[in-house]
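User: I'd like to learn how to read a model like this one, feature by feature. Where should I start?

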Amino acid sequence: MGWRFATTASQQSEWDGGLQPPRASNQKIYIDIMFLDRNEEIEFHFKGYLPHMHQDGTMQSVTFRMADSLPQSVCKKLHEQRDKFTQKHPHPWDNETKMLYWKEFGPMQHRLMDKGYGSCLLKYPRFRQVLIDTIAFKDNINYVIDSYVIMPNHVHMLILPLANNKIEDILHSIKRYSARQINLLAGRTGRFWMKESFDRLVRNEDDYYRCYHYILANPRFLPPGSFTIYTRDSEY
């Protein structure tokens with residue numbers, strides 16, 4: 001079960017690598033958005049500590065964060081808890097154990113990100129603009145962006161991969177280019193984003209609205225100008 005909505009086709013030229021990629025045209029196209037269908041094939045695998053799933057035509061909720069968004073003391077505690085979990089549940093893990101791991105550790109890391117640890121470079125508009133332009137470059141080509149919030153040290157997004165594009169490849173491209181450009185702009189070097197990202201398939205309409213409203217509410221305690229919320233209808 002899903003939706004159909006109108007968006008704009010992208011007729012874009014080659015990007016020369018600058019900070020202002022060309023924008024999409026106004027030509028109307030129609031996109032079918034589907035939610036998770038358990039009767040259809042679901043690709044499921046683990047990479048590092050996180051599960052990753054893909055189903056063609058299915059919207060995904062994703063989160064990616066800056067490399068310094070969790071302090072070393074917190075990371076150490078998380079690693080200790082992971083080691084205890086692994087001792088209790090030795091590898092290899094079946095899918096049920098993998099999902100149990102995600103349910104235990106995923107929400108915990110989301111809560112920690114909202115505490116605003118690290119350099120929080122994305123609170124500055126000039127750095128957020130690099131990420132905004134990078135995301136927009138392939139919107140309506142490799143994926144459709146439904147909504148996102150750029151927080152000072154992490155990003156939440158609702159996204160629909162198009163054609164044969166996988167969410168891992170999409171996020172890798174966005175993170176790689178934006179990291180290089182932000183580091184140049186900030187005069188810094190080193191890893192900008194954490195290598196792994198959180199992603200999961202949106203289950204149904206209720207789940208979609210839960211994710212959507214979470215995006216809208218995530219920066220409610222932040223000062224104006226320190227975050228960006230985007231939806232297909234408007235930008236805050």
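User: Which elements have the lowest and the highest confidence?

Analyst: This is a predicted model, and where pLDDT is low, the predicted coordinates should not be read in detail. In this protein, strand 1 (residues 2-8) has the lowest confidence, with a mean of 52. Helix 3 has the highest, at 97. Over the protein, pLDDT averages 79. A value of 70 or more is reached by 69% of the residues.

User: Where does pLDDT stay under 50?

Analyst: Over residues 9-26. The model still gives that stretch 45 contacts beyond four places in sequence.

User: Now the overall layout. How many helices and strands are there?

Analyst: Five helices and nine strands. From the N terminus, the order is β-β-β-β-β-α-α-α-β-β-α-β-α-β. Next, look at the contacts. Of those between residues at least 6 apart in sequence, 70% join residues at least 24 apart.

User: What share of the residues is buried?

Analyst: Buried residues are 47% of the 236. The protein exposes about 12,800 Å². Carbon and sulfur atoms supply 51% of that area.

User: Take strand 7. Is strand 7 mostly covered or mostly open?

Analyst: Check each residue against the cut-off: buried means under 20% relative accessible area. Strand 7 spans residues 154-161, and eight of its eight residues are buried. His-154, His-156, Leu-158 and Leu-160 lie on one side. Val-155, Met-157, Ile-159 and Pro-161 lie on the other. Both faces are covered.

User: Which strands are joined to strand 7 by bridges?

Analyst: Strand 5 (residues 60-65) is joined to strand 7 by six bridges, and the two run antiparallel. Val-62 stands opposite Met-157 there. Strand 6 (residues 143-150) is also antiparallel to strand 7, with seven bridges. Here Ser-147 has Leu-158 as its bridge partner. A hairpin of three residues connects strand 6 to strand 7.

User: On to charges. How many salt bridges does the structure hold?

Analyst: Side chains of opposite charge can pair when their charged atoms come close. This structure holds four salt bridges. One of them pairs Asp-139 with Arg-232, with the closest N and O atoms 3.6 Å apart. That pair links distant parts of the chain, 93 residues apart. Asp-139 is in the loop between helix 3 and strand 6, and Arg-232 is in the segment after strand 9.

User: Is Asp-139 buried or exposed?

Analyst: Asp-139 is buried because its relative accessible area is 9%. Arg-232 has 25%, so it counts as partly exposed.

User: Which residues pair with Asp-207?

Analyst: Arg-200 and Arg-210 are among them. The closest N and O atoms are 2.9 Å apart for Arg-200. For Arg-210, the N to O distance is 3.4 Å. Arg-210 and Asp-207 both lie in helix 5 (residues 205-217), three residues apart, about one turn of the helix. Shared partners join Arg-200, Arg-203, Asp-207 and Arg-210 into one salt-bridge network.

User: One last residue. Where is Gln-129 found?

Analyst: In helix 3 (residues 125-137). Gln-129 is partly exposed because its relative accessibility is 31%. Gln-129 and Ser-178 are 49 residues apart in sequence, and their C-alpha atoms are 9.7 Å apart.

Notes
Residues are numbered from 1 along each chain as its sequence is written. This is a predicted model: local features need pLDDT of at least 70, side-chain atom pairs count only at pLDDT 80 or more; totals for chains, interfaces and linings use all residues. Side-chain values use heavy atoms; hydrogens and water are left out. Helices (H or I, at least four residues) and strands (E, at least two) are DSSP runs, numbered from the N terminus. Buried means under 20% relative accessible area, exposed over 50%, partly exposed in between (1.4 Å probe, protein chains only). Two strands pair if DSSP finds at least two bridges between them. pLDDT is the predictor's confidence in each residue, from 0 to 100. Contact means heavy atoms within 4.5 Å. Accessible areas come from the Shrake-Rupley method with a 1.4 Å probe; for residues, only the protein chains shown count as cover. A salt bridge is a side-chain nitrogen of Lys or Arg within 4 Å of a carboxyl oxygen of Asp or Glu.
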